[in-house]
Amino acid sequence: MNAERDLAPLAPSVVRALNDKLYEKRKVAALEIEKLVREFVAQNNTCQIKHVIQILSQEFALSQHPHSRKGGLIGLAACSIALGKDSGLYLKELIEPVLTCFNDADSRLRYYACEALYNIVKVARGSVLPHFNVLFDGLSKLAADPDPNVKSGSELLDRLLKDIVTESNQFDLVGFIPLLRERIYSNNQYARQFIISWILVLESVPDINLLDYLPEILDGLFQILGDNSKEIRKMCEVALGEFLKEIKKNPSSVKFAEMANILVIHCQAADDLIQLTAMCWMREFIQLAGRVMLPYSSGILTAVLPCLSYDDRKKNIKEVANVCNQSLMKLVIPEDDEMDETKQSMTLPAEPTSQESLSKTEAASSGSLDASGDSNFSNSSVFTVTSSERIQVTLNLDGIVQVLDCHLHDTSIGMMTRIAVLKWLYHLYIKTPRKMFRHTDSLFPILLRTLSDESDEVILKDLEVLAEIASSPAGQTEGHGPSDSSDVRPGPVELHIPARTSQLSSSGAKGLECSPSTPTMNSYFYKFMINLLKRFSSERKLLENRGAFIIRQLCLLLNAENIFHSMADILLREEDLKFASTMVHTLNTILLTSSELFQLRNQLKDLRTPESRNLFCCLYRSWCHNPVTTVSLCFLTQNYKHAYDLIQKFGDLEVTVDFLTEVDKLVQLIECPIFTYLRLQLLDVKNNPYLIKALYGLLMLLPQSSAFQLLSHRLQCVPNPELMQTTDSTKPSTGFKRMTASNIDYTELLQHFEKVQNKHLEARHQRAGRAEQLDRRVVL
């Protein structure tokens, strides 16, 4: 084939020069080509222009010979220069062969390709924007080129292209985003640096609204934030900071919902800088978007709750997480209890699954942010959600409860996280009681187990939740009652239910109306008391170490009379008599010594009302499990004659060391302020003869001990000992009048005491028999 004819209109000398290995000769050929193309432009001969470009592309730039490829590149650049403003008509034909050379194995050729493309772009300027994606794609590859000359050339071309984009208003952002989304996941440091530099440029252009497409690239930005290079991390921080500033300025145009899951994932990142940055974003999102974030609450809590237990090494993350948690909690409103969860007017992306919630990246480096920086909510623009939008957003209560329940079951979580979980449960029971009671049966066991927690603060919050469950009027709703058939009350109990000024007429009732400080009972109260006693029975250390603390706090949160009334009724049917005796002793000590029960003690002291007399009889029957506590209850209620009668029965009981120890403690209690009134009544010997006899009865029970001496000295202070004889029956004392008015059958109570004590004696003999049999087996 005649090469000269095939390559016309290029002269044979030009063809030879383009194939020459010397750059100077190829440059001379390029000048000839430029001259030739200018002539064609003047003649408006587009056909010949296309033919020249095709020859330079197919026969040279895409040739197998390296020198021919170099000649083709310089020839294409010369064509572009000759075409001038008309080069835009031939850009596709000019650019494509040059971009192909970007992948050449020869670094010198890749450099010449950069140089050629630089000249083409410089001439065409804004006309290259329709081809921006292919240019960007090629540059992103050269940004990671190992050859420094190539990299330097690509940087020059990159700066030129950025200048063109910045000064133009015709940039196709929609077409560019898919490529950016793809390239942003590159792991190469130079490619990442290139990507971030372009994002910063695009952010700075007023006519380009990159914020609309932030959901497309946010995940990639957070992954780049974990790069090992400090410079790249800093650039990424700046880019994310600029985006966050823009979000605060224009919150109404931000697609919060589309980015919520992304933040949830990166709030759980192993890298401190990623986690802190994502948490700061989450804080702003919750405060700016408000209830738009509610459908993602379970994912947010999964990410935020563990951070609340971080130590001082991650103090910044902990502080921001705490703000996120508090802000999210405030978004739950009473109206959420009325909304139908099956109707969702607002279509929002689903929450992340457990697998999606795992962080996608791990980086060895760490960083820090000022937790308080740029977080002043009052100074930032607020995205105000209208009332109609508030109704459209549905609270995913099932998901939230599942997350909270999971964290309570996790024994490895820190104390502050457990406290936050319990605060959430309490808050949900206050704001959305009707919906929360659907989950009570599943939550109840773990809440009871949490009473064994090592932290007093955790136990206090747990008791608040349990008290709210036991007192909320929503718990009385039909169908929400206790489901455990074993917990059904075996017999009727008269619980004192104080009058309530307002019942839960609608789910809007909240706040004080549902607070545990308002004494009221529901279906879960008795179930709570039964299960609490079961837990004390199965876990004696809990009773020993925390029993009094738990019961005292419950008396503050609920009605003390109801607590003692129900526990006494349950203990009356307790089969484990030893536990019943121990529990009665604990309750009696609380009753006599706790400041929280001052009002209840005053109520029992006089027995003036039918309710107080009913309570005394109920307590008495259970108190019979422990003889000494029964006497102390009679002292508290000023039933001195009955106390004396009980002490007379002590002679028939088995007197053990534990029994004498309890008598010793009762003597100590008599000397305490709680029994001041009793000691003062010793001055009125005439009207209180059985009080003195009862005390002497205790004295006779005691061995010669410090308690014996203490009580003996007290009785020596009683004036006129000769007046200890019983007064004439025709002149009843005031004490007898009070007892007679109470209409209590003390004979029946005394018989009940004897019956219970016989059961205890029989149980002790059985235990002793089993112990003797066990000893025999050991000997054999």
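Modeller: α27 does, with nine residues of the lining of the largest pocket. Helices here are DSSP runs (H or I, at least four residues), numbered from the N terminus. This is a predicted model: local features need pLDDT of at least 70, side-chain atom pairs count only at pLDDT 80 or more, and totals for chains, interfaces and linings use all residues. Residues are numbered from 1 along each chain as its sequence is written, and side-chain values use heavy atoms, without hydrogens and water.

Four helices each give at least two lining residues: α25 (540-557), α27 (577-593), α32 (657-670) and α37 (746-779). A pocket is an open set of points on a 1 Å grid over the protein atoms alone, where a 1.4 Å probe fits, with protein on both sides within 12 Å along at least five of seven lines; lining residues have an atom within 4 Å of a point.

The volume is about 870 Å³, taken as the space filled by probe spheres set on the points, which are joined across faces, edges and corners. Lining residues number 28, and closest to the centre are Ser581, Thr582, Asn626, Asp658 and Glu662. By class, 12 are polar, nine charged and seven nonpolar. Asp, Glu, Lys and Arg count as charged; Ala, Val, Leu, Ile, Met, Phe, Trp, Tyr, Cys and Pro as nonpolar; the others, Gly among them, as polar.

Now the loop between α27 and α28 (598-606): Ser594 is found there. Ser594 counts as buried because its relative accessibility is 4%, and buried means under 20% (1.4 Å probe, protein chains only). Beyond neighbours within four places in sequence, Ser594 is in contact (heavy atoms within 4.5 Å) with Arg552, Thr589 and Arg601.

Conventions. Buried means under 20% relative accessible area, exposed over 50%, partly exposed in between (1.4 Å probe, protein chains only).
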